[in-house]
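Thanks for coming, everyone. Please have a look at the chain on the screen, and then I will walk you through a few places in it.

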Amino acid sequence: MSIFDRFEHAVEKGVNSAFSRVFRSGIKPVDVTSAIRRALDDSVQEVSSDRVIAANHFTIHAAKADLDSLEADLDVLADEFSQQVTEHAASHGYALLGPVTIDFREDSTEMTGTLRVEAENRRGAAAPATASSASPEHPILDIGEEKWLLTEPVTVIGRGSEADIVVNDSGVSRRHLELRITPTGVIATDLGSTNGTYVEGHKIDAATLLDGNQIVIGRTRILFWTHPEEDGNQ
């Protein structure tokens, strides 16, 4: 059974850990961060002697008054919490099955100053490469300061929220580029983008990628890796 087969089994098994905490003077962002990290650590499942997976989706249950006090900053906080989860997972060698997502949910059962975090696995077409090496079956992309592991046969990159990997670049179309893993290699296909897709400086409609290739969409540079010994060295 491959590591990704074991990952799939872990997804089917599911993670439904919860962490509760009470704060005396209402909830602050640092309190949420602490609770999410605790829920992340509690969600860890060992799938082999040297690999563990951890949850990547977190639902924060809190009272209406507490959420109202954070309302103006919820989107910014969700992005910040997601980044902190990714960094925490990487520092502990936790593998994730998809992008980190954070939801806030008003919960009438929670009193003001209380907080409950539920953690679960949600499989995605790409996941932060926190504990995995590149391979031909599961390449890694370097996009800015982020590394993404391709875990499904098809991954869409774009600016829109419907993309599997979202790129914050106004020069990138909402669904800009598709990467398809096939038995003979990974095929990059431009999805009719406005500004085109370039591989090693050449504009392409479709191209089979080689290890170390550079892809450019908009102003964003993507490095494509299929071998761990070369991953991230450039």
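**A walk through the chain**

Some ground rules. This is a predicted model: local features need pLDDT of at least 70, side-chain atom pairs count only at pLDDT 80 or more, and totals for chains, interfaces and linings use all residues. Residues are numbered from 1 along each chain as its sequence is written, and side-chain values use heavy atoms, with hydrogens and water left out.

Back to threonine 220. It sits in strand E19, residues 220-225. Helices (H or I, at least four residues) and strands (E, at least two) are DSSP runs, numbered from the N terminus. Is threonine 220 buried or exposed? Threonine 220 counts as buried because its relative accessibility is 13%. The cut-offs: buried is under 20% relative accessible area, exposed is over 50%, and partly exposed is in between (1.4 Å probe, protein chains only). Leaving out residues up to four places away in sequence, threonine 220 touches Ile143, Val167, Asp169, Val172 and Ile215. Contact here means heavy atoms within 4.5 Å.

Now the whole chain. It has 4 helices and 19 strands. Of its 234 residues, 51% are buried. Take contacts between residues at least 6 apart in sequence: 60% of them join residues at least 24 apart.

Next, strand pairing. Two strands pair if DSSP finds at least two bridges between them. Strand E10 (residues 146-150) is joined to strand E8 (residues 126-128) by 3 bridges, and the two run antiparallel. There, alanine 126 has leucine 150 of E10 as its bridge partner. E10 also pairs with strand E9 (residues 140-143), antiparallel, over 4 bridges.

On to strand E13, residues 177-182. E13 pairs with strand E11 (residues 154-158) in the antiparallel sense, over 4 bridges. E13 is also joined to strand E14 (residues 185-190) by 6 bridges, again antiparallel. Which residue in E14 is the bridge partner of glutamate 178? That is threonine 189. Glutamate 178 is also the partner in E13 of valine 156. A hairpin through 2 residues joins E13 to E14.

Now the pocket. The largest pocket is lined by 25 residues, and Gln83, Thr86, Glu146, Trp148 and Val166 lie nearest its centre. Helix H4 (74-92), E10 and strand E12 (165-166) each supply at least two lining residues. H4 gives the largest share, 6 residues. On terms: on a 1 Å grid over the protein atoms alone, a pocket is an open set of points where a 1.4 Å probe fits, with protein on both sides within 12 Å along at least five of seven lines; lining residues have an atom within 4 Å of a point.

Last stop, glutamate 200. It lies in the loop between strand E15 (197-199) and strand E16 (202-204). Most residues other than glycine have a negative phi. Glutamate 200 is not a glycine, yet its phi is positive, about 50°. Glutamate 200 counts as partly exposed because its relative accessibility is 44%.
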